[in-house]
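Please walk through this model with attention to its helices, its aromatic rings and its nonpolar packing.

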Amino acid sequence: MNTAVKNEVMLPEVVGQLIKFAKAENMNKESDDIAKFGEYITDLQKQIAALEKQIEVMSKTVESLQSKDAKEVHNTMLNESKAKISSLKGFVGKCGGTLKSLLLTFKIKGSNAFKVALQACKLDTLAKEGAKLNHSAAQTFKESAERTALFAKQMSNVRHSVTNAVRVLADEEVLSAPRHLENDKGLLHSIENGFAGLSQRFDKLGALADNLSDKIGYRYVKVTEKQKDILSSEGYNDFAKADETGKFICKYPAEEKNNIMQLINAQSNNMKM
């Protein structure tokens, strides 16, 4: 069994065990974060596998091109795509290694060490890194689709070559495009659609990762004693003394940011009245 297949089988199992351990320690927020992050990484892993297969199909299409220039240009584009795949696979490997390390930490060092390690690994930051890689890959695929469309358009302009211009002036019949160019235009259209589809798919994955990074983990905000009282009345109870000015640091789940800001801003606005 190769490493790629082995990791694909193991990752959901690792995530499942981490969720189980976190729930056993009443870390419900953390278990939800692990579940969401694990789902994103597992889905990304599947999308990369599908991407590799599609690139393989597109490579065969490029080899069928009869235009030497078209073949060279598109082989370069495919190499750029493969570089993006390599970066994405490296990211998935990094995330898988992080999750496995968390699992080992719990098994070897116990729950307290696990809690510290989970906070230190910053799953939200990893999700943001994934988002950037997804958007970058999507942009590369989009540019490749646009370059392919331009190349096909240039081929279609063969009727307007200097030779045909002369024939028109001489009132002679305009030459049709060579048959192999017509064939290549069809292949280029297929390649363009392939790149465009990949761009849309990975842009969506990037958007999902952006949203995920905003929803998992914890955030911190400095508040006054009055704001602390208001937040406490709404069920937020994780506070630490900030400094000697009497302010406090409130720790809250990332997905609660909008609610926290509304409560703080409402109190500030009341103070101004």
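Is Phe 106 buried or exposed? Phe 106 has a relative accessible area of 15%, so it counts as buried; the classes are buried under 20% relative accessible area, exposed over 50%, and partly exposed in between, with a 1.4 Å probe and protein chains only. The model is a predicted one, in which local features need pLDDT of at least 70 and side-chain atom pairs count only at pLDDT 80 or more, while totals for chains, interfaces and linings use all residues. Residues are numbered from 1 along each chain as its sequence is written, and side-chain values use heavy atoms, with hydrogens and water left out.

The aromatic rings come next. The structure holds 3 aromatic pairs. Rings of Phe, Tyr and Trp (for Trp, the six-membered ring) pair if their centres lie within 6.5 Å; planes under 30 degrees apart count as stacked, over 60 as edge-to-face and the rest as tilted. One of the pairs is formed by Phe 21 and Phe 106, which are stacked at 4.3 Å centre to centre with 10 degrees between the planes. This pair links distant parts of the chain, since Phe 21 lies in helix α1 (residues 3–24) and Phe 106 in helix α3 (residues 68–109), 85 residues apart. Helices here are DSSP runs of H or I with at least four residues, numbered from the N terminus. The pair of Phe 141 and Phe 202 is edge-to-face, because the ring centres are 5.9 Å apart and the planes are at 65 degrees. Phe 141 in helix α5 and Phe 202 in helix α7 are 61 residues apart, and their pair also links distant parts of the chain. Both Phe 141 and Phe 202 are buried. Phe 21, Phe 106 and Phe 114 form one aromatic cluster.

Which residues touch the most other members of the largest nonpolar core? They are Ile 34, Phe 37 and Phe 114, in a core of 54 residues. A nonpolar core is a set of buried Ala, Val, Leu, Ile, Met, Phe, Trp, Tyr and Cys residues joined through side-chain atoms within 4.5 Å. The elements that give two or more residues to this core are α1, α2 (28–63), α3, α4, α5 and α7, and α3 gives the most, with 12 residues. Not counting residues up to four places away in sequence, Ile 34 touches Val 15, Leu 18, Ile 19, Ala 22, Phe 114, Leu 118 and Leu 123, where contact means heavy atoms within 4.5 Å. A second, separate core of 11 residues includes Val 221, Leu 231, Phe 239 and Phe 248. Two of these rings have a charge over them: the charged end of Lys 228 sits over the ring of Phe 239, 5.3 Å from its centre, and Lys 228 lies over the face of Phe 248, at 5.2 Å from the ring centre. A charge sits over a ring if NZ of Lys or CZ of Arg is within 6 Å of the ring centre and within 35 degrees of the ring normal.

Helix α3 has 42 residues and reaches 60 Å from its first C-alpha to its last, close to the 62 Å expected at 1.5 Å a residue; the expected span is 1.5 Å times one less than the number of residues. After α3 comes Gly 110, with a positive phi near 100 degrees.

Most residues other than glycine have a negative phi. Asn 26, although not a glycine, has a positive phi of about 60 degrees. Asn 26 lies in the loop between α1 and α2 and is exposed, with a relative accessible area of 66%. Lys 122 also has a positive phi, near 50 degrees. Lys 122 is found in the loop between α4 and α5 and is partly exposed at 48%.

Ser 144 is in helix α5 (residues 123–156) and counts as buried because its relative accessibility is 0%. Leaving aside neighbours within four places in sequence, Ser 144 is in contact with Met 77, Glu 80 and Phe 195. Gly 186, in helix α7 (residues 179–215), is partly exposed at 43% relative accessibility.
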